[in-house]
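These are working notes on the model shown below. Please read them alongside the coordinates.

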Amino acid sequence: MNKFALTSWMCLLGLSSMLALRLEPCELAGQLYILDVPKVELPLWLCIADYESRFNTHVIGRANSDGSRDYGLFQISDRYWCAPPEKTAYHAFNECNVNCTELLSDNITSAVRCARLIKKQQGWTAWSVYAEFCNGTLTDADECFQQTTEAATTEPILQIETTTFDPEMD
Ligand SMILES: *[C@@H]1O[C@H](CO)[C@@H](O)[C@H](O)[C@H]1NC(C)=O
Ligand SMILES: *[C@@H]1O[C@H](CO)[C@@H](O)[C@H](O)[C@H]1NC(C)=O
Ligand SMILES: *[C@@H]1O[C@H](CO)[C@@H](O)[C@H](O)[C@H]1NC(C)=O
């Protein structure tokens, strides 16, 4: 069973809150926005999170050919960017100065900070999904911020907690 099928299955059983957090796209947009990600970048980050993790914060990818693994929403490599939980031969740098497990947190602050550092150093092509899926016309994230007239855009539309208690969302 692949990890996405497994996640969906767990969500159906209503176990999602403890084992995997799946964000709605607009939730992620709201979280990124309050973390100071420029609005023009939101469609790209949403696309990358979609294709890398299907918006699941807790995903650890299967081992790459060198044994390294990718962590979280943006599937950040433990070879160069974070410190893996156990000593590994391939681990070379911890550029984001963070433990890889922190990149799996429901609090996406560290994952976003690290992803932005990667983007700053390497550009969007650091993500292999970029060229294939995200380098073109993307859905505007503006609709995420137009829910209601009185809700200020500085507020996230939805809090992270809301989806985890709604197994029918999936
Ligand atoms: C990573 O985890 C280790 C052990 O739990 C801890 O000593 C270290 O301070 C952590 N590093 C960071 C950058 O959080
Ligand atoms: C999320 O993590 C950041 C940095 O690790 C921390 O400063 C912030 O207080 C955390 N937010 C919550 C709601 O726990
Ligand atoms: C992105 O798209 C532009 C325009 O189609 C193209 O020139 C460029 O090579 C593409 N970049 C990547 C990394 O695929």
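1. At what angle do the axes of H3 and H4 cross? The two axes come within 10 Å and cross at roughly 125 degrees; axes here are lines fitted to C-alpha atoms, for helices over the stretch in contact, with angles running from 0 to 180 degrees between N-to-C directions. H3 and H4 are therefore oblique to each other, given that angles under 35 degrees count as roughly parallel, over 145 as roughly antiparallel, 65 to 115 as roughly perpendicular and the rest as oblique. H3 passes H4 in a right-handed crossing, where right-handed means that the near helix is turned clockwise from the far one by less than a right angle. On the H3 side the contact is made by Pro25, Leu28, Ala29, Leu32 and Tyr33, and on the H4 side by Leu42, Trp45, Leu46 and Ala49. Contact means C-beta atoms, placed from the backbone, within 7 Å.

2. On provenance and numbering: this is a predicted model, in which local features need pLDDT of at least 70, side-chain atom pairs count only at pLDDT 80 or more, and totals for chains, interfaces and linings use all residues. Residues are numbered from 1 along each chain as its sequence is written, while chains are lettered from A and ligands numbered from 1 in the order in which they are written.

3. Overall make-up. The protein has 7 helices and 2 strands, in the order α-α-α-α-β-β-α-α-α from the N terminus on. Helices (H or I, at least four residues) and strands (E, at least two) are DSSP runs, numbered from the N terminus. Of the 170 residues, 32% are buried. A residue is buried if 20 or more other C-beta atoms lie within 10 Å of its own, exposed if 12 or fewer, and partly exposed in between. Among contacts with a separation of 6 or more, 53% join residues 24 or more positions apart.

4. Helix H3 (residues 25–34) is largely enclosed by the rest of the structure, because 7 of its 10 residues are buried. The buried ones are Glu27, Leu28, Ala29, Gly30, Gln31, Leu32 and Tyr33. Asp36, which follows H3, has a positive phi near 75 degrees. In the loop between H3 and H4 lies Glu41, which is partly exposed with 15 other C-beta atoms within 10 Å. Glu41 is 12 residues from Ala29 in sequence and 9.8 Å from it in space, C-alpha to C-alpha.

5. The largest nonpolar core has 30 residues, and those with the most contacts inside it are Ala29, Leu46, Ile76, Cys82, Leu103, Ala111 and Cys114. Such a core is a set of buried Ala, Val, Leu, Ile, Met, Phe, Trp, Tyr and Cys residues joined through C-beta atoms within 7 Å. H3, H4 and H5 each supply at least two residues of this core, and H4 gives the most, with 6 residues. Leaving aside neighbours within four places in sequence, Cys114 is in contact with Ile76, Trp81, Cys82, Cys96, Val98 and Leu103.

6. Two buried isoleucines. Ile48 lies in helix H4 (residues 42–53) and is buried, with 22 other C-beta atoms within 10 Å. Beyond four places in sequence, Ile48 is in contact with Phe74, Trp127, Val129, Tyr130 and Cys134; Val129 is 81 residues away in sequence and 6.7 Å away in space, C-alpha to C-alpha. Ile108 is found in the loop between E2 and H5 and counts as buried with 24 C-beta neighbours inside 10 Å. Not counting residues up to four places away in sequence, Ile108 touches Gln31, Thr57 and Leu73.

7. Backbone points to check. Most residues other than glycine have a negative phi. Gln75, in the loop between strand E1 (70–71) and strand E2 (76–77), has a positive phi of about 45 degrees and is buried. Asn97, in the loop between E2 and helix H5 (109–122), has a positive phi near 50 degrees and is partly exposed, with 13 C-beta neighbours inside 10 Å.

8. Annotation. An unreviewed UniProt entry carries "domain: Glycosyl hydrolases family 22 (GH22)" over residues 96–114; such annotations may be inferred rather than shown by experiment. That stretch is 32% helix and 0% strand, with its end C-alpha atoms 5 Å apart.
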